[in-house]
Amino acid sequence: MMAGGNVRFLVLILAVAICGAASVFQPISDSHRSAALDVFVPVDGSYKSLEEAYEALKTLEILGIDKKSDLSSKTCENVVKVLQSSSSTLKDAFYALNVNGILKCKIGEAGPKDIVSQLQAGVKDAKLLLDFYYSVRGLVLAKEQFPGTDISLGDAEAIFRSIKSLSQSDGRWRYSSNNPESSTFAAGLAYETLAGVILLAPSEFDPSLIQSVKTGILKLSDSIQKYDDGTFYFDEKSVDASQGPISTTASVIRGLTSFAASESTGLNLPGDKIVGLAKFFLGVGIPGDAKDFFNQIDALACLEDNKFSVPLILSLPSTAISLTKKEPLKVKVSTVLGSKAPALSVKLTQALSSKSVDSSVINNQELKFDADSATYFLDSFPKNFDIGKYTFVFKIVLDESAHEKVYITEAQTKVPIAATGAISIENAEIAVLDSDIGSVESQKKLDLTKDGAVSLSANHLQKLRLSFQLTTPLGNAFKPHQAFFKLKHESQVEHIFLVKTSGKKSELVLDFLGLVEKLYYLSGKYEIQLTIGDASMENSLLSNIGHIELDLPERPEKATRPPLQSTEPYSRYGPKAEISHIFRIPEKLPAKQLSLVFLGVIVLPFIGFLIGLTRLGVNIKSFPSSTGSAISALLFHCGIGAVLLLYVLFWLKLDLFTTLKALSLLGVFLLFVGHRTLSQLASASNKLKSA
């Protein structure tokens with residue numbers, strides 16, 4: 001359940017889809033808490049491993065969900081078992097201490113000393129980055145949980161240099177000195193490990209060592225990926241393809257925040273990258289994978305509690321504003337985990353229309369604040385604010401200058417907004433025109449807000465014209481996303497036409513003379529239906545206008561016939577008819593006795609071969625006696641036996657292709673060992689002749 005899937009490309013595609021030029025990011029909410037209870041489900045009161053147990057408990061603890069009492073019994077038994085065993089691996093000891101930090105299990109007096117000794121020995125013998133990581137971070141946890149235990153690193157600077165030797169010039173790190181490939185994920189582990197070494201060191205480090213690590217961090221930050229909306233993330237290049245952008249970015253964030261927690265490092269990161277990293281994890285939504293879920297929540301918790309600056313996120317409960325209902329624009333500002341933000345003000349600096357991005361409809365409008373709901377709102381809009389799509393540009397200003405050292409915000413936050421309203425439909429009419437001179441033969445006024453009963457008739461020499469006007473509440477022309485005109489014959493054959501809009505007028509003219517082939521020369525009654533829809537149009541409609549009787553020419557013999565229509569439109573989704581197939585009747589087999597006689601005739605040559613061998617006095621006196629030659633000869637005879645066995649299996653059950661495939665492999669084997677055996681026999685024979 002907790003194993004991370006190899007979904008890096010899937011996650012990247014998802015991230016690209018949610019990170020557009022203007023995106024809406026929501027902080028962690030009750031939706032995450034509800035999903036966490038479904039993702040982190042224990043089996044019989046515990047998890048498969050202590051690693052899974054820690055990730056589940058840590059995630060639930062950050063989200064404020066108390067499940068410790070349900071898991072403490074069996075999980076603590078596993079923790080105590082690991083911490084009291086001298087054969088436990090460094091990884092198991094590390095996760096056991098992590099779980100113990102949450103559940104506060106009863107370890108016993110001997111447990112802390114034994115596990116500390118084991119971890120200290122692990123640091124001393126470590127060669128791999130992961131061994132350094134588990135042992136050093138384990139000692140940091142032991143120091144926090146067992147204050148009375150003597151925990152120290154002998155030569156901390158030497159350990160620091162040993163870990164530092166795995167770093168690369170581009171800021172990434174290797175897992176071992178024998179592996180030339182470097183990893184961004186490993187860089188996060190390395191920074192966490194170095195932070196632990198600094199914490200456990202008995203004295204301060206050489207400043208040049210700290211500076212060299214900070215230089216590597218700057219190099220690593222150069223490889224950070226960025227989207228147009230200011231979202232930042234880290235990703236692997238080649239070595240560790242199992243680590244996707246979520247786990248890689250989370251590893252780097254844990255490493256940087258741990259390294260910056262030490263006052264001696266003096267590490268600081270640009271505020272835009274902190275906010276960008278937070279936006280990346282919030283933009284993921286709710287991961288379905290338990291490992292990704294943990295990495296998301298844990299990384300956001302690290303960003304909310306760090307030595308740099310706490311990122312503030314601007315979010316909107318809804319990105320649609322109804323001008324008909326006169327709904328206000330509502331904005332909330334909080335931390336990434338949804339905690340309350342400090343005193344601040346929110347300004348709407350610009351409202352750019354999709355029709356004219358150069359001019360702003362709203363400029364430098366400060367939003368009002370509702371203390372009860374902790375919401376900023378704008379309850380009135382200028383008179384020229386019309387239906388359409390906009391990009392609202394917000395700016396957050398902290399009220400107190402002291403908060404600027406604690407919190408960080410985006411310079412500008414762009415949010416897509418859709419202003420909706422009721423569209424006026426005027427001057428709607430439908431008419432039959434003469435094809436030659438275009439004069440109106442019959443014309444009907446329409447009320448598209450309700451179904452009509454218009455009755456028209458036309459022949460193939462005439463035209464049908466439909467026209468109407470769409471205007472916004474301010475009287476501006478409105479072009480809908482969808483405007484379709486449908487003719488449905490009494491035989492259920494449908495034809496759909498696109499209604500084009502130019503300026504304020506939407507019009508469709510059907511010339512039946514040019515449409516007779518498309519209409520399959522079907523005369524008779526056609527139902528008329530009009531569909532108009534748009535995301536900004538609150539009164540989208542589907543109107544049954546009426547019908548028209550068409551008199552079309554007879555269908556030529558070679559003309560395309562109309563497709564068959566099902567009497568039940570949804571029958572296409574039902575079960576298909578069963579396909580019955582009659583197999584060929586088996587041919588009559590020969591009698592059983594004849595088959596047995598044929599088998600005997602085939603076996604007789606083999607029996608004769610065996611008798612001939614005994615008559616010739618065949619023996620194994622020339623079988624090689626030396627070890628190498630004997631093995632080659634034995635393999636050669638075994639290969640021949642395998643070929644004979646393969647023939648038997650082919651006779652009993654194998655097909656021809658499988659047999660030939662196996663025979664080709666055995667043939668190559670026999671060619672090698674047979675040549676070697678014959679060469680050795682020839683060599684032995686030459687030696688006897690020369691003697």
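Visitor: Which helices do the buried residues of α10 pack against?
Guide: This is a predicted model, and in it the buried residues of α10 pack against α8 (156–164), α9 (184–200), α11 (245–260) and α12 (271–283).

Visitor: OK, and which residues in α10 are buried?
Guide: Leu209, Ile210, Val213, Lys214, Gly216, Ile217, Leu220 and Ser221. They cover an arc of only 155° around the axis, so they sit on the same side of α10.

Visitor: What exposed residues does the face turned away from that side carry?
Guide: Pro207 and Leu218 are the exposed residues there.

Visitor: How far apart are the end C-alpha atoms of α10?
Guide: They are 21 Å apart, which agrees with the 21 Å that 15 residues should span at 1.5 Å a residue.

Visitor: Back to Ser221. Where is it placed?
Guide: Ser221 belongs to helix α10, which covers residues 207–221. Its relative accessible area is 15%, and because the cut-off for buried is under 20%, Ser221 counts as buried.

Visitor: And what is Ser221 in contact with, leaving aside its neighbours within four places in sequence?
Guide: Phe234 and Lys273.

Visitor: Switching topic: how many residues of strand β3 are buried?
Guide: Six of its six, so to speak a mostly covered strand, running over residues 310–315.

Visitor: Which ones point which way?
Guide: Val310, Leu312 and Leu314 point one way from β3, while Pro311, Ile313 and Ser315 point the other way. Both sets are buried.

Visitor: What about pairing? In what sense does β3 pair with β5, parallel or antiparallel?
Guide: Antiparallel, over four bridges, with β5 being residues 329–335. Leu312 has Thr335 as its bridge partner in β5.

Visitor: And with β11, parallel or antiparallel?
Guide: That pairing is parallel, over two bridges, and β11 is residues 407–408. Pro311 stands opposite Ile408 there.

Visitor: Last one, Ile387. Where is its place?
Guide: Ile387 is in the loop between β9 (375–378) and β10 (388–398).

Visitor: Buried or exposed?
Guide: Ile387 is buried, because its relative accessibility is 4% and the cut-off is under 20%.

Visitor: So what is Ile387 in contact with, beyond four places in sequence?
Guide: Among its contacts are Leu323, Lys355, Ala419, Thr420, Gly421, Pro473, Phe478 and Ser536.

Visitor: And how far is Ile387 from Leu474 in space?
Guide: 8.6 Å, C-alpha to C-alpha, though Ile387 and Leu474 are 87 residues apart in sequence.

Key
Residues are numbered from 1 along each chain as its sequence is written. This is a predicted model: local features need pLDDT of at least 70, side-chain atom pairs count only at pLDDT 80 or more; totals for chains, interfaces and linings use all residues. Side-chain values use heavy atoms; hydrogens and water are left out. Buried means under 20% relative accessible area, exposed over 50%, partly exposed in between (1.4 Å probe, protein chains only). Contact means heavy atoms within 4.5 Å. Two strands pair if DSSP finds at least two bridges between them. The expected span of a helix is 1.5 Å times one less than its number of residues. The arc is that of the directions from the helix axis to the C-beta atoms.
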